[in-house]
Amino acid sequence: MCGIVGIVSDTAVNQRLYDALTVLQHRGQDAAGIVTEDEGRFYLRKSNGLVRDVFRSRHMQRLTGNIGIGHVRYPTAGSSSTAESQPFYVNSPYGIVLAHNGNLTNSAELNSALYRSDLRHVNTTSDSEVLLNVFAHELQLQGKLQPGADDIFSAVSAVHRRCRGAYAAVAMISGYGLVAFRDPYGIRPLVIGERTSDAGTTEYMVASESVALDVLGFKLIRDVEPGEAVYIDSAGELHLRQCAENPTLVPCIFEFVYFARPDSIIDGISVYKARMRMGDALADKIEREWPNHDIDVVIPIPDTSRTSALQLANRLGVDFREGFMKNRYIGRTFIMPGQQQRRKSVRQKLNAIGLEFKGKNVLLVDDSIVRGTTCNEIIEMARDAGANKVYFASAAPEVRYPNVYGIDMPAASELIAHGRNNEEIRDLIGADQLIYQDLDDLREAVQTHKASVRQFDCSVFNGEYITGDIDAAYLSALEAARNDASKAEKREKDDESALVDLHNDD
């Protein structure tokens with residue numbers, strides 16, 4: 001999962017891109033990058049680390065220009081080396097930089113075709129560089145010295161025909177403007193906004209989440225439609241076109257469960273209200289299946305589950321308490337690359353308030369359970385703090401299948417719910433009772449009649465992959481690439497053979 005942003009303005013965009021990336025930092029903490037353009041030249045800074053650590057004053061001063069794109073990354077496909085950080089660059093045609101959120105499910109096939117047919121070299125294992133080269137090749141095939149909107153939209157249409165999977169992308173074409181597009185299913189979010197500058201001109205911004213627009217004073221126009229492309233030319237004129245043959249909006253439901261900020265609106269759905277409804281539905285299930293519960297207090301696992309937990313407590317008529325204090329200088333454990341690092345970070349990140357646990361029957365509420373490592377540690381912390389009984393509730397259903405669309409929900413064998421029933425999972429995490437959200441209830445909680453969404457990608461819960469190209473062989477290869485042991489080995493190799501990015505301004 002990553003965060004992307006692009007801005008076209010009549011004044012310098014470096015500070016606004018930086019601010020937008022800090023707002024999107026929750027979408028990726030592995031690396032960050034910004035590219036601006038000034039008088040036909042790209043200026044790039046990217047590196048591993050948080051936004052605040054990657055960009056120093058000297059870097060910001062060199063990121064000149066009134067147009068730019070930015071990216072925050074956490075690794076799913078590829079490695080976590082600096083060479084894999086984004087945006088990526090190709091010099092032909094015209095000079096193009098691109099940042100991408102998602103995952104191409106036919107990346108290996110495309111990579112081979114790029115080399116054998118398109119005569120293009122891909123320098124990393126990142127599918128984002130593959131996407132960039134596919135777009136660049138298709139734009140080059142238009143054969144124009146000065147491409148117009150029709151040529152750019154034709155290239156995006158060809159990208160849709162060739163690429164499968166999830167992709168929300170933003171790119172700059174040197175001298176011509178900014179392009180953004182979303183895959184034909186709209187699996188990953190992308191919004192567009194506008195504002196009037198001090199000079200009276202219209203400035204445009206695209207971003208992964210609407211909250212980035214809010215913070216920078218841009219008004220949300222709408223979500224980019226699935227398969228749609230946005231082009232803001234060098235004169236600041238906005239062009240929009242549907243570039244897919246049969247687009248169908250099927251956003252990833254896990255955006256609403258975990259990834260997106262609660263103050264964002266995705267495809268017309270308030271993330272905050274969706275999480276409130278998740279709490280209502282979970283409370284209804286507890287009352288239905290456990291009418292004589294003895295829950296004394298509901299405590300959320302900070303921060304994503306807080307909205308659902310508060311609503312659940314209100315619905316049950318049970319006290320809601322903040323039982324864990326969070327160290328906000330520790331990254332999200334879900335995003336951390338190794339199992340041992342995730343386990344170690346839990347107690348560094350959270351500390352229990354003993355008086356909220358001592359002698360009580362506590363219901364801990366989390367947004368989801370993936371590997372089970374975090375909730376196991378947290379349940380132990382609750383018992384150490386004196387809890388009488390520790391119950392655990394998940395605002396999402398059992399995560400049983402890997403994600404192939406850009407979320408590092410890992411090898412199936414590392415998912416605690418894969419091949420196990422509720423009782424087995426409960427025993428493994430050490431809870432006295434375990435309650436999962438039902439999938440139908442989750443769908444209903446996220447759904448709203450005001451939005452146009454009628455279907456969600458729920459593949460991590462039901463194993464139904466919307467792109468229709470995922471089979472046992474693909475998942476087997478994914479398992480080999482994603483298990484913690486293989487990723488640790490790759491990180492070690494990356495560290496040993498790190499290359500200097502010649503385009504990167506250190």
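This report describes helix packing, nonpolar cores and selected loop residues in a predicted model.

## Basis of the description

The model is predicted, and local features need pLDDT of at least 70, side-chain atom pairs count only at pLDDT 80 or more, and totals for chains, interfaces and linings use all residues. Residues are numbered from 1 along each chain as its sequence is written, and side-chain values use heavy atoms, with hydrogens and water left out.

Helices (H or I, at least four residues) and strands (E, at least two) are DSSP runs, numbered from the N terminus.

## Helix α9 against helix α10

Two packed helices are described by the angle between their axes and the distance between the axes. Here, axes are lines fitted to C-alpha atoms, for helices over the stretch in contact, and angles run from 0 to 180 degrees between N-to-C directions. Helix α9 covers residues 271–289 and helix α10 covers residues 306–316; their axes come within 7 Å and cross at roughly 40°. The two helices are therefore oblique to each other (angles under 35 degrees count as roughly parallel, over 145 as roughly antiparallel, 65 to 115 as roughly perpendicular and the rest as oblique). The crossing of α9 past α10 is right-handed; a crossing has this hand if the near helix is turned clockwise from the far one by less than a right angle, and is left-handed if the turn is anticlockwise.

On the α9 side, the contact (heavy atoms within 4.5 Å) is made by Y272, R275, M276, M278, G279, D280, L282, A283, D284, I286 and E287, and on the α10 side by T307, S308, Q311, L312, R315 and L316. By class, these residues are eight nonpolar, four polar and five charged. In this scheme, Ala, Val, Leu, Ile, Met, Phe, Trp, Tyr, Cys and Pro count as nonpolar, Asp, Glu, Lys and Arg as charged, and the others, Gly among them, as polar. One of the α10 residues in this contact is T307, which is buried at a relative accessible area of 14%. Buried means under 20% relative accessible area, exposed over 50%, and partly exposed in between (1.4 Å probe, protein chains only). Leaving aside neighbours within four places in sequence, T307 is in contact with Y272, R275 and M276.

## Helix α9 against helix α14

Helix α9 also packs with α14: their axes come within 8 Å and cross at roughly 145°. This crossing, too, is right-handed. Residues A274, R277, M278, A281 and R288 of α9 meet D441, L442, E444, A445 and V446 of α14. The contact of α9 with α14 has six nonpolar, no polar and four charged residues.

## The nonpolar cores

A nonpolar core is a set of buried Ala, Val, Leu, Ile, Met, Phe, Trp, Tyr and Cys residues joined through side-chain atoms within 4.5 Å. The largest one has 40 residues, of which F254, F256, M278, V446 and F461 touch the most other members. Helices α8 (254–259), α9, α14 (439–446) and α15 (459–462) each supply at least two residues of this core. The largest share, five residues, comes from α8.

M278 takes part in both helix contacts described above. Not counting residues up to four places away in sequence, M278 touches F256, V257, S308, A395, Q437, L442, A445 and V446. A second, separate core of 32 residues includes F88, L131, I173 and F181.

## Backbone features in loops

Two peptide bonds may be noted. The bond from Q86 to P87 is cis, with omega near 5°, and P87 is found in the loop between β4 (67–73) and β5 (88–90). A cis bond also joins P302 and D303, with omega about 0°; D303 lies in the loop between β16 (297–300) and α10.

Y94 is a residue other than glycine with a positive phi, near 70°. Y94 is in the loop between β5 and β6 (96–104) and is partly exposed at 25% relative accessibility. L119, likewise not a glycine, has a positive phi near 60°. L119 lies in the loop between α4 (107–116) and α5 (127–140) and is exposed at 70% relative accessibility.

## Two further loop residues

R454 lies in the loop between α14 and α15 and is exposed, at 56% relative accessibility. Not counting residues up to four places away in sequence, R454 touches Q447, T448 and H449.

I470, in the loop between α15 and α16 (472–482), is buried, with a relative accessible area of 17%. Apart from neighbours within four places in sequence, I470 is in contact with T105, V404, Y405, Y465 and L475.
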